[in-house]
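I opened a new structure today and kept notes as I went. Here is what I looked up.

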Amino acid sequence: MLEKVLIVEDEAHARTGLTELVTSWGFRAECAEDGVEGLERVRQWSPGIVVTDLKMPRMDGMELLERIRELEQPTVVIMLTAQGSIESAVEAMRGGAYDYIPKPVDPVRLRTILQNAHRQREANANTELEVRRCGSGA
């Protein structure tokens, strides 16, 4: 099964470009134009990874991250921002973001982060299965 990646970006060209790029790497990618639409897509589509812009209308990336955490789905969130600062990166990581990437996005870095996030999700899923299997034999 291909890993599902949701791209949440308010700039149309960036949203389309990132979605096409991530799809070309073998992921199932869909997109949303802001945090409100992104949260709805997370609820409906259950992506394993969300790549979201930090600054967006209606709901920004930090609020989206917080709302995704409240859903208690095993979703990895990666933040993108053109207005990058050490403070916003620290805040995003403390809020539970997997990683933080400045714009313009370095495709090599993004691909590496997506592959690492995918491997971590697979490892976590395998660990959960092993725990369940060992726990059921008691």
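**Ground rules.** I am working with a predicted model, where local features need pLDDT of at least 70, side-chain atom pairs count only at pLDDT 80 or more, and totals for chains, interfaces and linings use all residues. Residues are numbered from 1 along each chain as its sequence is written, and side-chain values use heavy atoms, with hydrogens and water left out.

**Helix 1.** I started with residues 12–24, which form helix 1. Helices here are DSSP runs of H or I with at least four residues, strands are runs of E with at least two, and both are numbered from the N terminus. Helix 1 has 13 residues and spans 18 Å from first C-alpha to last, close to the 18 Å expected at 1.5 Å a residue. That expected span is 1.5 Å times one less than the number of residues.

Which residues of helix 1 are buried? I found R15, L18, T19 and V22. Buried means under 20% relative accessible area, exposed over 50%, and partly exposed in between, using a 1.4 Å probe and protein chains only. Seen down the axis of helix 1, the buried residues fall within an arc of 100 degrees, so they line one face. The arc is taken from the directions from the helix axis to the C-beta atoms. On the other side, H13, E20 and S24 are exposed. Just after helix 1, I noted G26 with a positive phi of about 100 degrees.

**Salt bridges.** I searched the whole structure and got 8 salt bridges. The test is a side-chain nitrogen of Lys or Arg within 4 Å of a carboxyl oxygen of Asp or Glu.

I checked E9 and K103, which meet at 2.8 Å, N to O. E9 sits in the loop between strand 1 (4–8) and helix 1, and K103 in the loop between strand 5 (99–102) and helix 5 (107–136), 94 residues apart. E9 is buried, at 0% relative accessibility. E9 and K103 also join D53 in a network of salt bridges.

Next came R41 and E30, with closest N and O atoms 1.8 Å apart. R41 is in helix 2 (residues 35–45) and E30 in strand 2 (residues 28–32), 11 residues apart. R41 is buried at 18%, whereas E30 is partly exposed at 28%.

My last pair was E63 and R67, at 3.0 Å between the closest N and O atoms. They are 4 residues apart in helix 3 (residues 61–71), so about one helical turn separates them. E63 is partly exposed at 31%, and R67 is partly exposed at 29%.
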